[in-house]
Amino acid sequence: MKLSLLTRGRLVYRTAVLLKNSYSVSAVRDSAALLHRNHGEPSQVLQLEDLVLPQMGPESVLVKMLAAPINPSDLNMIQGTYAILPELPAVGGNEGVARVMEVGDKVKALKVGDWVIPRDAGIGTWRTAAVLKADDLVTLPKDIPVLSAATLGVNPCTAFRMLSDFEELKPGDTVIQNAANSGVGQAVIQIAAAKGIQSINVVRDRPDLQQLSERLTALGATHVITEETLRRPEMKELFKSCPRPKLALNGVGGKSATELLRHLHALIFKDVKIRGFWVTQWKRDNKHDEDALRNMLDELCILIRAGKLSAPACTEVCLQDFRKALENAMKPYVSTKQVFVM
């Protein structure tokens with residue numbers, strides 16, 4: 001194999017003109033990463049740093065990150081308030097899509113050029129490249145949009161499981177949810193519509209309510225109402241056009257959650273259950289069931305290809321603009337997701 005080495009400062013770039021043993025020697029040997037050494041406000045503790053990548057192991061893969069969103073759970077993890085916290089120092093970000101650049105000798109399930117997403121939280125996706133364990137990654141087809149791939153592993157998976165695992169919903173049934181403009185909420189609307197399930201979508205009152213309502217309706221929302229409307233008598237009129245919901249999805253809590261519960265079908269006479277759901281725990285519980293995650297991702301990708309499941313409205317930003325992206329991600333009444341594009 002013929003190699004040329006180009007050095008500039010401490011960075012080393014390697015290019016290969018021949019592939020051998022089905023894996024490549026990649027040009028990527030360093031990574032720019034958003035790193036935090038302490039917990040605190042993300043804009044204060046995150047720093048953009050250059051990291052030298054570790055050596056490849058036989059069961060490792062080298063990936064180049066393509067895109068990675070900012071999710072609320074990412075911010076909570078940096079603040080130190082999330083249920084799981086990686087060891088510090090840590091790279092931020094739990095979701096994103098990457099391209100495989102190099103594979104170790106013992107890696108069989110992945111090949112150079114594959115698109116992959118993390119199986120679990122804590123990998124650290126806000127970086128340009130990483131050396132990761134092959135078992136920590138799962139492939140996605142390359143014929144879906146990059147932003148759909150980057151935002152697939154958390155919110156659409158959460159929506160899919162919540163619509164599938166707690167109530168047997170049939171076409172014509174109704175689901176009600178608050179936080180309907182969130183990433184999960186938008187995925188619920190689209191997946192429900194694809195299954196013929198009606199949705200009542202509750203949002204907070206805001207200056208751009210009309211535009212938001214129109215956007216959610218375009219995604220497939222049957223009804224879009226405010227939290228104030230949820231408490232008013234006109235809900236009786238709404239239920240003349242659709243059945244009372246069999247399933248309520250709460251992402252807010254407090255009075256909003258109580259009002260959702262009140263509108264469930266036959267509340268007094270049915271065995272109503274309140275369940276918590278965390279997609280990270282679901283993935284860990286099904287870690288050894290390869291088909292569980294694979295089948296869900298495949299079904300979601302079918303919806304994406306059919307135009308029935310789109311990524312949330314996204315603003316693409318580079319890592320260098322991370323402070324502005326963090327500021328925008330933490331603003332109230334914002335439905336646009338900030339996505340780092342590498």
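## Salt bridges

The side chains of D114 and K111 form a salt bridge, with N and O 3.0 Å apart. The term means that a side-chain nitrogen of Lys or Arg lies within 4 Å of a carboxyl oxygen of Asp or Glu. D114 is buried at 9% relative accessibility. K111 is exposed at 52%. Buried means under 20% relative accessible area, exposed means over 50%, and partly exposed is in between (1.4 Å probe, protein chains only). This is a predicted model: local features need pLDDT of at least 70, side-chain atom pairs count only at pLDDT 80 or more, and totals for chains, interfaces and linings use all residues. Residues are numbered from 1 along each chain as its sequence is written, and side-chain values use heavy atoms, with hydrogens and water left out.

The structure holds 12 salt bridges. Another one joins E49 and R37, at 2.4 Å from N to O. E49 sits in strand β4 (residues 46-52), while R37 sits in the loop between β3 (30-36) and α1 (42-45). The two are 12 residues apart. R37 is partly exposed, at 47% relative accessibility. K170 and E168 also meet in a salt bridge, at 3.6 Å from N to O. K170 is partly exposed, with a relative accessible area of 43%. E168 is exposed, at 59%. Side chains of opposite charge can pair when their charged atoms come close.

## The chain as a whole

The chain has 12 helices and 16 strands. Both are DSSP runs, numbered from the N terminus: helices are H or I with at least four residues, strands are E with at least two. Of the 342 residues, 47% count as buried. The chain exposes about 17200 Å², and carbon and sulfur atoms supply 52% of that area. Accessible areas come from the Shrake-Rupley method with a 1.4 Å probe; for residues, only the protein chains shown count as cover.

Which share of the contacts with a separation of 6 or more comes from residues 24 or more positions apart? The share is 69%. A contact means heavy atoms within 4.5 Å.

The largest nonpolar core has 37 residues. Such a core is a set of buried Ala, Val, Leu, Ile, Met, Phe, Trp, Tyr and Cys residues joined through side-chain atoms within 4.5 Å. V97, L140, L163, I191, L297 and L300 touch the most other members. Helix α11 (residues 290-305) gives the largest share of this core, eight residues. Leaving aside residues up to four places away in sequence, L300 touches L152, P156, C157, F160, I191 and L309.

A second, separate core has 28 residues, including V61, M65, I78 and V107. In soluble globular proteins, nonpolar side chains tend to be buried together.

Helix α12 (residues 322-329) has F322, A325, L326 and N328 as its buried residues. They cover an arc of only 165 degrees around the axis, so they lie on the same side of α12. The arc is that of the directions from the helix axis to the C-beta atoms. These buried residues pack against β3, α1, β4, α2 (72-79), β15 (314-317) and β16.

In α2, the residues S73, D74, L75, M77 and I78 are buried. Their cover includes β3, α1, β4, β5 (60-69) and α12.

## One aromatic pair

How many aromatic pairs does a search of the whole structure find? It finds one. Rings of Phe, Tyr and Trp (its six-membered ring) pair if their centres lie within 6.5 Å; planes under 30 degrees apart count as stacked, over 60 as edge-to-face and the rest as tilted. The rings of W126 and F340 have centres 5.4 Å apart and planes at 70 degrees, so this pair is edge-to-face.

The pair links distant parts of the chain, 214 residues apart. W126 is in the loop between β8 (115-118) and β9 (129-133), and F340 is in strand β16 (residues 337-341). Both W126 and F340 are buried.

## Backbone details

Most residues other than glycine have a negative phi, and most peptide bonds are trans. A179 is not a glycine, yet it has a positive phi of about 50 degrees. A179 lies in the loop between β11 (174-177) and α5 (183-194). It is partly exposed, at 23% relative accessible area.

A cis peptide bond joins L88 and P89, with omega about -5 degrees. P89 is in the loop between α2 and β6 (90-91).
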